Amino acid sequence: MVMTTRSWKILLSVVFMLTFLLIGLRSYAWLNGESSQKPRRFHTAIAEYGSRLSSYQARLRMPKEHVELIRRESQTLENNYREILLLMKQIDVLKALLRETQTGLHSFNDSWKAGGDPAEAQDHPEAVGEEMSNLVNYVLKKLREDQVQMADYALKSAGASIIEAGTSESYRSDTAKLYWHGIGFLSYEMPPDSILQPDVHPGKCWAFPGSQGHALIKLAGRIIPTAVTMEHISEKVSPSGSISSAPKEFSVHGISSECEGEETSLGQFVYNKTGDTVQTFELQHEVSEPILCVKLKILSNWGHPKYTCLYRFRVHGSPEDHS
């Protein structure tokens, strides 16, 4: 009887152990099968993020010539956009002129109907058409024509340039960035020689920090200076509706010896932001000999606290051999 009880205990212990082992093996097999699927998903996700990271790093390692190409393409697109806006403005002007001409034509026809000569009235539409054609050509000519009608010896395409050593630092803004797929990777700003070029569309200006700055310009040749012209955009075309960053008080100085040495004051002036966008100033002081360089000093602006924008500055005068 004692042996039988002990045998049952041993048998029960063996059965319990076998049951425990079977349960353990089954649990292990289930965990092993489940875990074999999770690493696949983890590896897929890691590979995808790794691919994105390598692509981003490749963009950061982009050659300088590619970055420069992107910058030039961005500026070209911006220029095209400005040109389209300017053409749209010109079209609006022509439409307004056409409406005025049509109004005058109707009045003229009414007067002819009241007591004009029928023979002359019959020929009138051709004459009016010719007059309208001449008027449109005249307006287009004026739109393309330079308002100043004086040679610009500070024009970059004519050979003038900016001496950076004698020019203020450019204003740097965190918002002025080039973007690639939504990632801002390169800050940019218009260079100082922008003021020596005829493109004066909104935003195409050189900005320097604060309300006081200067630019040293090497002219296209030695001249006896007689006048200068300052140009800025109007409030009507300004995206912000304000031109508080426009220059206000400024002075001009001449330098005769290779852009170094003593400066000769040529005058101090005020750019009127409510006047014409292109303003020419006769110099207040004459020089005794031709000069090669001009220093433009901005003394104040129209209230912008952070920076001042210059669009175009011109220098007029007589060449050395015509002095």
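Colleague: What makes you call Phe269 and Phe281 buried?

Modeller: Both residues fall in the buried class, because that term requires under 20% relative accessible area, whereas exposed means over 50% and partly exposed lies in between (1.4 Å probe, protein chains only). This is a predicted model, in which local features need pLDDT of at least 70 and side-chain atom pairs count only at pLDDT 80 or more, while totals for chains, interfaces and linings use all residues. Residues are numbered from 1 along each chain as its sequence is written, and side-chain values use heavy atoms, with hydrogens and water left out.

Colleague: How many aromatic pairs does a search of the whole structure find?

Modeller: The search finds five. Among them, Phe250 and Phe281 pair at 5.4 Å centre to centre, with 80° between the planes.

Colleague: Why is the pair of Phe250 and Phe281 called edge-to-face?

Modeller: Rings of Phe, Tyr and Trp (its six-membered ring) pair if their centres lie within 6.5 Å; planes under 30 degrees apart count as stacked, over 60 as edge-to-face and the rest as tilted. The 5.4 Å and 80° of Phe250 and Phe281 therefore give an edge-to-face pair. Phe250 lies in strand 6 and Phe281 in strand 8 (residues 278-282), so the pair ties together parts 31 residues apart in sequence. Strands (E, at least two residues), like helices (H or I, at least four), are DSSP runs numbered from the N terminus.

Colleague: Why is the disulfide of Cys259 and Cys293 called left-handed?

Modeller: The torsion about its S-S bond is about -70°, so the disulfide is left-handed. Cys259 lies in the loop between strand 6 (249-255) and strand 7 (264-270), and Cys293 in strand 9 (residues 291-298), so parts 34 residues apart in sequence are tied together.

Colleague: Is Cys259 buried or exposed?

Modeller: With a relative accessible area of 10%, Cys259 is buried. Cys293, at 0%, also counts as buried.

Technical notes: A disulfide is a pair of cysteine sulfur atoms within 2.5 Å.
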